[in-house]
Amino acid sequence: MVDGILEPLDLKDFQVCIECIKRKRTNERKLSAQRAKDVLELIHTDICGPFPIASWNGQRYFITFIDDYSRYGYLYLIHEKSQSLDVFKSFKNEVELQLGKKIKVVKSDCGGEYYGRYDGSGEQLPRPFALFLKECGIVPQYTMPGKPSMNGVAEPRNRTLKDMVRNMISHSTLPESLWGEALKTAVYILNRAPSKAVNKTLINSGLIKGLA
């Protein structure tokens, strides 16, 4: 470096970014997995919430659906976890119509909203979401209980989304009830940003038409 071009830096002048520290604090180990070779071959999904502050129109949860091949993500704000099946049906109808392909596999945790609740005998019986997948011929993949790292796409994506929202809200004068709108903005950005996981984002490759 040529003397006089840049002033010497005093690192003590830099403020600690608390949100960055929170984002990097994770003990989860990434597990290798075989990638899908086409869109809709594998969809990752996860639900986050409830949030202590409801969105401006009353939602306290959000659910994401992420295509494994393209890493293109879809976000839905919901009031209750029980709405997961309804929003999945809407998601399924939209992407299958736009892409002319069928969803083959859905990967999630084995929570009650996806697989089913435990009954009085201690058995976990399939509920509407799992039964709908079976009816459509979609293969379900469930992670082991207490092992969020096995859901190695949806869990990190949702964590990234929450980090982005936290930064947007904390560095603005907007009310916290607008976290839902901030989430939509974060998804919009991630869907258009370059990714190490794919050579091209789905929106730039032209595989989805009319969804941008």
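Residues are called buried under 20% relative accessible area, exposed over 50% and partly exposed in between, with a 1.4 Å probe and protein chains only. The model is predicted; local features need pLDDT of at least 70, side-chain atom pairs count only at pLDDT 80 or more, and totals for chains, interfaces and linings use all residues. Numbering starts from 1 along each chain as its sequence is written, and side-chain values use heavy atoms, with hydrogens and water left out.

Salt bridges were examined next. A salt bridge is a side-chain nitrogen of Lys or Arg within 4 Å of a carboxyl oxygen of Asp or Glu. The structure holds seven of them. Arg166 pairs with Asp163, and their closest N and O atoms are 2.8 Å apart. These two residues are three apart in helix α4, so about one helical turn separates them. Helices (H or I, at least four residues) and strands (E, at least two) are DSSP runs, numbered from the N terminus. Arg166 is partly exposed, at 31% relative accessible area. Asp163 is buried, at 6%.

Glu96 bridges to Lys92, with 3.1 Å between the closest N and O atoms. Both residues belong to helix α2 (residues 84-99), four residues apart, about one turn of the helix. Glu96 is buried at 11% relative accessibility. Lys92 is buried as well, at 12%.

In helix α5, Glu181 and Lys184 sit three residues apart, about one turn of the helix. They form a salt bridge whose closest N and O atoms are 3.6 Å apart. Glu181 has a relative accessible area of 30% and is partly exposed. Lys184 is partly exposed too, at 44%. A network of salt bridges with shared partners joins Arg35, Asp68 and Arg71.

Most residues other than glycine have a negative phi, and most peptide bonds are trans. Phi of Arg71 is positive, near 65°. Arg71 lies in the loop between β2 and β3 and is buried at 17% relative accessibility. Ser70 is found in that loop between β2 and β3, buried at 6% relative accessibility. The Ser70 side chain makes a polar contact of 2.7 Å with the side chain of Asp67. It also reaches the backbone nitrogen of Tyr72 at 3.1 Å. A polar contact is a pair of N or O atoms within 3.5 Å; within protein, one must be able to donate a hydrogen and the other to accept it, and residues adjacent in sequence count only if both atoms are side-chain atoms.

Leu40 has a positive phi of about 70°. Leu40 lies in the loop between α1 (18-24) and β1, and is buried at 3% relative accessibility. The peptide bond from Gly49 to Pro50 is cis, with omega near 0°. Pro50 is in the loop between β1 (42-48) and β2.

A cavity is a set of points, on a 1 Å grid over the protein atoms alone, where a 1.4 Å probe fits but cannot get out; lining residues have an atom within 4 Å of a point. The whole structure has two cavities of 30 Å³ or more. The largest cavity holds about 40 Å³ of space, a volume being the space filled by probe spheres set on the points. Its lining includes Phe65, Tyr74, Arg157 and Asn191. At least two lining residues come from each of β2 (61-67), β3 (73-78), α4 (154-170) and α5 (179-192).

Notes
On a 1 Å grid over the protein atoms alone, a cavity is a set of points where a 1.4 Å probe fits but cannot get out, and a pocket is an open set with protein on both sides within 12 Å along at least five of seven lines; lining residues have an atom within 4 Å of a point.
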